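Colleague: Could you walk me through this one? I would like to go piece by piece.

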Amino acid sequence: MTQSPLLKVRDLTTSFFTSRGEVQAVRGVDFDIHAGEVLGIVGESGSGKSITCMSVLRLLKNNGRTIKGTAHFEGRDLLELSELEMRRLRGNDVAMIFQDPMTSLNPTLTVGEQIIETIIAHKNISRSAARERVVELFELVKIPEAASRLGAYPHEFSGGMRQRVMIAMALSCDPKLLIADEPTTALDVTIQRQILLLLKEIQSRLGMAIILITHDLGVIAEVTDRILVMYGGTAMETANVHHLFDKPMHPYTQGLLASVPNVNNIDGEKLKPIPGSPPDMLRPPKGCPFMPRCDKAMEICVTTGAPEFEIDDAQSHKSRCWLHHPDAPQQKGDAA
Ligand code: SF4
């Protein structure tokens with residue numbers, strides 16, 4: 001893509017300062033997202049995917065600090081804005097939804113009231129206009145009998161319907177970017193798919209960009225344009241979605257894909273879990289964070305993290321692994 005990115009993140013580095021020491025949660029992450037694009041950020045728990053987005057929106061709790069980096073949204077570095085400017089931006093230009101809607105909704109107020117208040121706080125419109133807008137939003141997210149559900153309390157909705165309410169709330173101020181952090185993890189598989197397809201449908205209708213954070217590669221193939229794979233607080237590989245599934249180049253991505261159930265697996269081939277466990281971010285490996293689990297690790301991987309190698313520009317494919325260096329030993333299966 002040639003137009004400037006909507007959000008351009010460079011060298012983002014975030015740590016948590018705990019009684020046990022510095023937890024290096026995000027270590028020099030770079031990524032872009034363009035207007036109207038759906039980017040999936042994938043990785044195991046603790047890979048830094050949520051903390052990356054929370055750092056960009058400056059939502060970290062007291063002991064978390066972004067130490068360096070930039071996050072330009074429409075040209076303005078979010079890490080340099082005042083608190084007031086950030087408050088205006090959150091909810092207006094950028095909205096975020098989380099895994100468990102119950103933690104974001106107030107159980108003592110009707111859902112209609114909560115969204116009306118959000119709209120009035122961000123837009124200069126009357127209560128009755130805000131109410132009409134909520135009905136429109138409920139229809140957009142396919143809540144049946146939209147007008148009559150405004151007076152219901154959060155506990156009166158099922159998990160899937162509550163997540164639809166959260167999506168309606170996030171869309172209430174027409175954000176240019178929606179960040180959805182594991183929005184379907186707490187839901188059963190059928191509802192998960194419905195919510196993801198709903199997000200995709202709304203995205204194509206409204207033209208906003210979405211960052212979809214998930215630990216599950218299987219759930220996002222249908223709805224994302226591009227995927228960023230994170231591990232050990234680092235962006236390991238990125239590519240257009242179908243290309244990444246067809247030609248994963250990073251050993252971690254290859255391991256992740258081999259561990260995802262595949263409905264086309266009619267030969268009964270067993271899933272292959274990645275051996276070992278994720279790094280302790282109090283003491284992350286000095287070189288490549290995946291080194292202790294990588295069966296292709298070389299001497300250089302122990303001491304030095306790999307730079308990002310351009311694999312295929314047309315597919316936005318980049319990977320951070322020493323195997324892509326021209327002098328790296330050829331791997332089995334590489335073209336001769
Ligand atoms: Fe494996 Fe080395 Fe590549 Fe890391 S840089 S994934 S350890 S081969």
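**A walk through the model**

Modeller: Let us begin with helix α1, where 8 of the 8 residues are buried, so α1 is largely enclosed by the rest of the structure. Please keep in mind throughout that this is a predicted model.

Colleague: Which residues of α1 are the buried ones?

Modeller: They are Lys 49, Ser 50, Ile 51, Thr 52, Cys 53, Met 54, Ser 55 and Val 56. After α1 comes Arg 58, which has a positive phi, near 55 degrees.

Colleague: OK, and what about α2, which of its residues are buried?

Modeller: In helix α2, which covers residues 83–92, the buried residues are Met 86, Leu 89 and Arg 90. If you look down the axis of α2, these buried residues fall within an arc of 100 degrees, so they line one face of the helix.

Colleague: And what covers the buried residues of α2?

Modeller: The cover includes the helix we started with, α1 (49–56), together with the strands β4 (64–73), β5 (76–77) and β6 (94–97), and also helix α4.

Colleague: Since you mention α4, at what angle do α4 and α7 pack?

Modeller: Helix α4, residues 111–122, packs with helix α7, residues 159–171, at an angle of about 15 degrees, and their axes are 9 Å apart. An angle under 35 degrees counts as roughly parallel, and α4 and α7 are therefore roughly parallel to each other. The crossing in which α4 passes α7 is right-handed.

Colleague: Which residues make that contact between α4 and α7?

Modeller: From α4 there are Val 111, Gln 114, Ile 115 and Thr 118, while α7 brings Val 165, Ala 168 and Met 169. Sorted by class, the contact of α4 with α7 has 5 nonpolar and 2 polar residues, and no charged ones.

Colleague: Then there is α8, so how far apart are the axes of α7 and α8?

Modeller: The axes of α7 and α8 are 10 Å apart, and the two helices pack at an angle of about 20 degrees. That angle makes α7 roughly parallel to α8, and α7 passes α8 in a right-handed crossing.

Colleague: What residues meet there, in α7 and in α8?

Modeller: On the α7 side you will find Gly 160, Gln 163, Arg 164, Ile 167 and Leu 171, and they meet Ile 191, Gln 194, Ile 195, Leu 198, Leu 199, Ile 202 and Leu 206 in α8. By class, the residues of the contact of α7 with α8 divide into 8 nonpolar, 3 polar and 1 charged.

Colleague: Switching to loops, where is Lys 142?

Modeller: Lys 142 sits in the loop between α5 (127–140) and α6 (146–149). Its phi is positive, about 60 degrees, although Lys 142 is not a glycine.

Colleague: Is Lys 142 buried, exposed or partly exposed?

Modeller: Lys 142 is partly exposed, having a relative accessible area of 41%.

Colleague: And Glu 182, where is the place of that one?

Modeller: Glu 182 is in the loop between β7 (177–181) and α8 (189–206). Glu 182 also has a positive phi, near 45 degrees, in a residue other than glycine. With a relative accessible area of 9%, Glu 182 is buried.

Colleague: New topic, then: in which strand does Ala 239 lie?

Modeller: Ala 239 belongs to strand β10, which runs over residues 234–240. Its relative accessible area is 0%, so Ala 239 is buried.

Colleague: What is Ala 239 in contact with, beyond its neighbours in sequence?

Modeller: Leaving aside neighbours within four places in sequence, Ala 239 is in contact with Arg 226, Ile 227, Leu 244, Gln 315, Ser 316 and His 317. Ala 239 and Arg 226 are 13 residues apart in sequence, and their C-alpha atoms are 5.7 Å apart in space.

Colleague: How far apart in space are Thr 103 and Arg 226?

Modeller: From C-alpha to C-alpha, Thr 103 and Arg 226 are 29 Å apart, and in sequence they are 123 residues apart. Thr 103 is found in helix α3, residues 101–104, and it is exposed, with a relative accessible area of 63%.

Colleague: Last one: is His 324 buried or exposed?

Modeller: His 324, in the segment after β12 (317–319), has 18% relative accessibility and so counts as buried, given that buried means under 20%. Apart from neighbours within four places in sequence, His 324 is in contact with Met 249, Phe 309, Ile 311 and Ser 319.

Terms used. Residues numbered from 1 in each chain as written. Predicted model: local features only at pLDDT ≥ 70, side-chain atom pairs only at ≥ 80, totals over all residues. Heavy atoms only, no water. Axes fitted to C-alpha atoms, helices over the stretch in contact; angles between N-to-C directions. Helix = DSSP H or I, 4+ residues; strand = E, 2+ residues; numbered from the N terminus. Parallel < 35°, antiparallel > 145°, perpendicular 65-115°, else oblique. Left-handed = near helix turned anticlockwise from the far one by under 90°. Contact = heavy atoms within 4.5 Å. Nonpolar A, V, L, I, M, F, W, Y, C, P; charged D, E, K, R; others polar. Buried < 20%, exposed > 50% of the residue type's maximum accessible area, 1.4 Å probe, protein only. Arc of directions from axis to C-beta.
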